[in-house]
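Subject: Structure handover

Hello,

Here is the structure I said I would pass on. Please open it beside this email and follow along; my notes come after it.

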Amino acid sequence: LLVAMPTMSDPRFERSVIYVCAHGPDGAMGLVVNKALGSLTFADLLSQLGVESGSSEDEIQVHFGGPVETGRGFVLHSDEYEQEATMKVADGIAMTATVDVLKDISEGCGPRRSLLALGYAGWGPEQLDQEIQANGWLTVTPDEQILFDHDLDNKWQRAIGKLGFDPSSLSGHAGRA
């Protein structure tokens, strides 16, 4: 997980928690897991896609996954659910970006745990590494509770809490020894 430093000035990422789905020589891609899109419901999304609504969509939040390709949807989920297009991200975590996973979720036969996001956060080659070195982000080991919990307001604080210190003691300035 990437956790925005308290000094993050970009409003799109202020107090963000981002699950990094891919990171390599070509860049990085992740999903913001703690910001909801208040203007769009799951039922609205299904309607826009021409998908008949099932019975399980009432509690499903649509998240702001990041500022890149905001019309593109991603479902980050537990890995017991699998389709041909499912990408295994890590032990226990997978991602699917098809309409079929949305249909399955709406019918109550989707993954055990999931997070639906529109858009993603993206970085070019070495960009994320440079932002981490410049004290833009903290890194935290992910867990299912932080990823999939519906309590979005406290995810940032809980993610930083895994590091074992008070975030108010952090400085936004990088130092050299």
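**Aromatic pairs**

There are three aromatic pairs in the structure, which is a predicted model. In one of them, the ring centres of Phe13 and Trp137 are 5.8 Å apart and the ring planes meet at 75°; an angle over 60 counts as edge-to-face, so this pair is edge-to-face. The two residues come from distant parts of the chain: Phe13 sits in the loop between strand E1 (2–4) and strand E2 (17–24), while Trp137 belongs to strand E9 (residues 137–139), 124 residues apart. Phe13 and Trp137 are both buried.

Trp137 also pairs with Trp123. Here the centre-to-centre distance is 6.3 Å and the planes are at 85°, again an edge-to-face arrangement. Trp123 is part of strand E8 (residues 114–123) and Trp137 is part of E9, so this pair ties together parts that are 14 residues apart in sequence. Taken together, Phe13, Trp123 and Trp137 make up one aromatic cluster.

**The largest pocket**

The next thing to look at is the pockets. The largest pocket holds about 360 Å³ of space. Its lining consists of 20 residues, and those nearest the centre are Ile60, Ile105, Arg112, Ser114 and His150. Which element gives the most to this lining? It is E8, with three residues. Strand E8, which also carries Trp123, and helix H4 (144–148) each supply at least two lining residues. By type, the lining of the largest pocket has eight nonpolar, seven polar and five charged residues.

**The second largest pocket**

The second largest pocket holds about 150 Å³ of space. It is lined by 15 residues, with Leu49, Arg72, Gly73, Thr98 and Leu102 nearest its centre. Strand E5 (68–78), helix H2 (99–106) and E8 each contribute at least two residues to this lining. The largest share comes from E5, which gives five residues. Sorted by type, the lining of the second largest pocket has ten nonpolar residues, four polar and one charged.

**Where to start**

Regards

Notes
Residues numbered from 1 in each chain as written. Predicted model: local features only at pLDDT ≥ 70, side-chain atom pairs only at ≥ 80, totals over all residues. Heavy atoms only, no water. Phe/Tyr/Trp six-rings, centres within 6.5 Å; stacked < 30°, edge-to-face > 60°. Helix = DSSP H or I, 4+ residues; strand = E, 2+ residues; numbered from the N terminus. Buried < 20%, exposed > 50% of the residue type's maximum accessible area, 1.4 Å probe, protein only. 1 Å grid on protein atoms, 1.4 Å probe; cavity = no way out; pocket = protein on both sides within 12 Å on 5 of 7 lines; lining within 4 Å. Points joined across faces, edges and corners; volume = space filled by probe spheres on them. Nonpolar A, V, L, I, M, F, W, Y, C, P; charged D, E, K, R; others polar.
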